[in-house]
Structure formats: structure tokens, C-alpha cells
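Biologist: Before I take any labels on trust, could you walk me through how they were assigned?

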Amino acid sequence: MSALTYVVHDSATMLRRNLKHAIRYPSVSLGSALLPVMMLLLFVYAFGGSIGAGIGAGIGAGTGGGPAGREAYLEYLTPGIVIMAVAAGSMATSISVCSDMTTGIINRFRTMNIARSSFMTGHVLGSVVQTMVSVVFVVAVALAVGFRPNANVLEWAAAAGLLTAVAFSLTWLSVALGLISKTVESASNKPLIIQFMPFVGSAFVPADSMSPGLRWFAEFQPFTPVIETVRGLLTGSPVGQDAWIALAWCVGIGLAGYLWSRSLFDRDAHR
């Protein structure tokens with residue numbers, strides 16, 4: 001077999017290992033999915049009528065604080081919550097990488113005749129699979145409570161592709177965060193900034209409704225163009241240049257995370 005075939009085979013083995021771990025210990029994966037669902041239900045049913053009434057003109061729905069405003073806010077909020085589910089998946093990656101690095105299993109892997117890159121590749125692919133399952137769960141809950149997107153098949157495919165790209169790029173960054181963590185506890189804390197970023201984007205309210213300083217940050221941070229692109233694809237609003245900006249952020253974050261992870265992993269191997 002060629003060198004590439006060995007790498008693919010070893011990566012598939014590590015992917016299978018990580019998926020089995022996810023099935024055997026589902027608490028972290030479930031937590032990543034349940035938090036966005038709870039946020040969705042809380043904001044829609046507790047605050048949806050009031051917030052939907054406040055920004056009703058901007059999201060094209062009812063002006064009252066009743067069902068019309070709540071339904072309009074559900075339409076606005078769901079894409080942001082979906083992005084939160086993608087961001088939440090990064091915590092599981094950081095924890096699992098740190099656990100492998102601190103419990104000694106990585107030293108055993110290094111004595112075996114396997115591709116060194118397969119360790120990180122297995123974690124990344126496994127995390128992306130788990131994250132997309134969480135996304136499907138969040139979307140299913142949103143549909144169950146009344147979310148009615150008007151996207152066609154191509155728009156659904158484009159949204160799924162973008163979400164996968166975001167998950168892939170954030171996972172590489174999370175691998176690096178797991179590699180620099182000394183304990184599992186610190187590994188669970190470092191990705192919190194990633195999970196917090198959608199809150200100060202356009203996930204819950206339009207950026208132009210924020211104070212000037214926060215508005216500037218919301219408009220230029222990575223998650224806002226991603227949220228706006230997914231929102232446009234699912235609800236039929238214009239996407240504009242947000243799609244290209246979102247893809248550029250995905251490439252930049254993913255490449256930075258990959259290079260950082262490789263550097264950390266190689267440095268640790270030569271200690």
C-alpha cells in the first residue's frame with residue numbers, strides 16, 4: 001500500500017475509536033446538543049414575544065408580543081442557535097485531546113507503526129460527525145416547535161456544507177487548545193470563548209440594534225457572517241457578501257488551527 005493509503009487507514013481506525021468513545025460516554029456530546037436546545041426554548045418561550053415585537057420590523061413578522069412576534073423570533077433565532085451547537089461541539093474535542101495527551105495513551109500510539117497525523121485527524125473527523133449529529137438534533141427540535149424554513153434542496157445543502165466547514169475549522173482550533181491544556185478541567189474551560197462568541201454576534205438580536213462599540217465587534221467577528229449566511233439560506237433573506245466572508249473565516253481559522261496543532265504535537269513528540 002502507498003503512504004497515503006496507510007494514512008487513510010490509520011485515520012479511519014482513529015475515527016472509529018473516537019466514535020466508539022462518544023457512544024460509550026455520551027454525556028459530553030449530549031451536553032453540547034442540549035445547551036443550544038435549552039437556549040432555543042428559553043429565548044423563544046420566555047422572551048420571544050417581547051423580542052419578536054421589538055425587532056419585528058427587522059425580521060419581517062408581527063408587531064405584537066403574541067404568537068406572531070414569537071414565531072418571527074423563532075425564525076430569526078434558529079440559525080444562531082444552530083451555530084451555537086457547532087461552537088459547543090468544540091468543547092468535546094478539546095477535552096478528548098487533552099485526555100489522550102495526559103493519560104499516557106499518546107505515548108503508546110507513538111510506539112506503534114501508525115501515521116502520526118492520524119491521531120489528530122481521527123479526533124477532528126470524529127468531532128465533526130458528532131457536531132453535525134447535534135446540529136440535526138437542534139434543527140429537529142426547532143422544526144418541532146414551529147420553525148418553518150423556506151429553503152430548497154440546494155440551499156439546505158449549501159447551509160449543511162457551510163456548517164460542516166465551520167465545524168471542521170473550529171475543531172482544528174479546539175485540538176490546539178486541548179494540546180496546550182495541562183488538565184481536562186482547563187481543556188473544558190478554554191473553548192468557552194468560542195461558545196460565547198455567538199452571543200455577541202447576530203445570533204439573538206441584529207447587530208445594528210447594539211451599542212456602537214458592541215455593534216462594531218459584532219459586525220466584524222467571525223460568527224456574524226456565518227450566522228447571517230445560514231439565516232439567509234434557510235429563511236430566504238439576502239446573503240450578499242456574507243457567504244464569502246464566512247468561507248474566508250473558515251479557511252483562516254481552520255488553517256491557523258491546523259498549523260498550530262501540528263506545531264504543538266510535533267514539539268511534544270521531540271521532548
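This is a predicted model: local features need pLDDT of at least 70, side-chain atom pairs count only at pLDDT 80 or more; totals for chains, interfaces and linings use all residues.

Biologist: Why is Asn18 called buried?

Modeller: Its relative accessibility is 8%, and buried means under 20%, so Asn18 gets the label. Asn18 sits in helix α1 (residues 3-24).

Biologist: What does Asn18 touch, not counting residues up to four places away in sequence?

Modeller: Gly122, His123 and Gln130. The side chain of Asn18 also reaches the backbone oxygen of Met14, at 2.7 Å.

Biologist: What makes Asp100 and Arg17 a salt bridge?

Modeller: Their closest N and O atoms are 2.9 Å apart; the cut-off is within 4 Å, so the pair counts. This one links distant parts of the chain, with Asp100 in helix α4 (residues 67-103) and Arg17 in helix α1, 83 residues apart.

Biologist: Is Asp100 buried or exposed, and how about Arg17?

Modeller: Asp100 has a relative accessible area of 7%, so it is buried. Arg17 comes out at 17%, and that counts as buried too, because the limit is under 20%.

Biologist: How many salt bridges does the structure hold?

Modeller: There are 3. Another is Arg215 with Glu219, at 3.0 Å from N to O. Both lie in helix α10 (residues 212-220), 4 residues apart, about one turn of the helix.

Biologist: Why are Arg215 and Glu219 called partly exposed?

Modeller: Arg215 has a relative accessible area of 35% and Glu219 has 37%.

Biologist: How do you know that the span of α11 agrees with what a helix should give?

Modeller: The 13 residues (223-235) should span 18 Å at 1.5 Å a residue, and the end C-alpha atoms are 18 Å apart, so the two agree. Helix α11 is mostly covered, with 12 of its 13 residues buried.

Biologist: Which residues make the nonpolar surface patch?

Modeller: Leu30, Leu34, Leu35, Met38 and Phe137, for about 460 Å². Helix α2 (residues 27-54) gives the most, with 4 residues. Phe137 is in helix α6 (residues 117-144).

Methods: Residues are numbered from 1 along each chain as its sequence is written. Side-chain values use heavy atoms; hydrogens and water are left out. Helices (H or I, at least four residues) and strands (E, at least two) are DSSP runs, numbered from the N terminus. Buried means under 20% relative accessible area, exposed over 50%, partly exposed in between (1.4 Å probe, protein chains only). A polar contact is a pair of N or O atoms within 3.5 Å; within protein, one must be able to donate a hydrogen and the other to accept it, and residues adjacent in sequence count only if both atoms are side-chain atoms. Contact means heavy atoms within 4.5 Å. The expected span of a helix is 1.5 Å times one less than its number of residues. Patches are made of residues with over 30% relative accessible area and no salt bridge: like charges are joined within 9 Å, nonpolar side chains (Val, Leu, Ile, Met, Phe, Trp, Tyr) within 5 Å. Accessible areas come from the Shrake-Rupley method with a 1.4 Å probe; for residues, only the protein chains shown count as cover. A salt bridge is a side-chain nitrogen of Lys or Arg within 4 Å of a carboxyl oxygen of Asp or Glu.
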